[in-house]
Amino acid sequence: QVQFVESGGGLVQPGGSLRLSCAASGTIYSIDTMSWYRQAPGKQRELVATIARGGSTSAAASVTGRLSICRDNAKNTAYLQMNSLKTEDTAVYYCDVRASSAWCDALQDYWGQGAPVTLSP
């Protein structure tokens with residue numbers, strides 16, 4: 001069974017940095033897009049950044065220049081590098097991966113369990 005597991009969340013001071021990882025477990029045949037979402041307390045989940053299979057990226061305006069997404073296709077892993085963190089970045093961060101587990105299988109969305117990131121002065 002395919003799962004994606006996030007790691008790297010934690011408590012950080014404003015202006016600090018963190019790197020989140022989203023790694024696959026189980027048999028993966030191919031991965032299409034990999035994305036990071038976040039959900040702050042009392043707010044709806046929002047898209048943070050997306051990276052295509054070929055490496056092209058897009059990011060929300062609120063994080064451009066501070067948060068960036070990367071992927072290592074050999075490791076089936078996505079990363080979210082977070083620099084110059086602000087208190088409004090406090091949220092649970094989720095990875096969303098569109099992948100197939102076997103040849104000719106349809107792509108499915110796989111969600112990680114969430115990685116909490118808390119900004120605290």
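Glutamate 46 is partly exposed in this predicted model, its relative accessible area being 35%. The partner of this residue is arginine 38, with which glutamate 46 forms a salt bridge whose closest N and O atoms are 2.7 Å apart. Side chains of opposite charge can pair when their charged atoms come close.

Arginine 38 also takes part in a salt bridge with aspartate 89, for which the N to O distance is 2.9 Å. Aspartate 89 is located in the loop between β8 and β9 (91-100), whereas arginine 38 belongs to strand β4 (residues 30-39), so that the pair ties together parts that lie 51 residues apart in sequence. With a relative accessible area of 0%, aspartate 89 is likewise buried.

A further salt bridge joins the side chains of aspartate 89 and arginine 66, at 2.7 Å from N to O. Arginine 66 is found in the loop between β6 (57-59) and β7, and aspartate 89 in the loop between β8 and β9, so this pair ties together parts that are 23 residues apart in sequence. Arginine 66, at 11% relative accessibility, counts as buried. Through shared partners, the salt bridges join Arg38, Glu46, Arg66 and Asp89 into one network. In total, the structure holds 4 salt bridges, among them the one between arginine 38 and glutamate 46, the one between aspartate 89 and arginine 38 and the one between arginine 66 and aspartate 89.

The strands β7 and β8, which flank the loops named above in part, also belong to a sheet. This open sheet is formed by 4 strands in the order β1-β3-β8-β7, and the pairing within the sheet is antiparallel.

Methods
Residues are numbered from 1 along each chain as its sequence is written. This is a predicted model: local features need pLDDT of at least 70, side-chain atom pairs count only at pLDDT 80 or more; totals for chains, interfaces and linings use all residues. Side-chain values use heavy atoms; hydrogens and water are left out. Two strands pair if DSSP finds at least two bridges between them. Helices (H or I, at least four residues) and strands (E, at least two) are DSSP runs, numbered from the N terminus. Buried means under 20% relative accessible area, exposed over 50%, partly exposed in between (1.4 Å probe, protein chains only).
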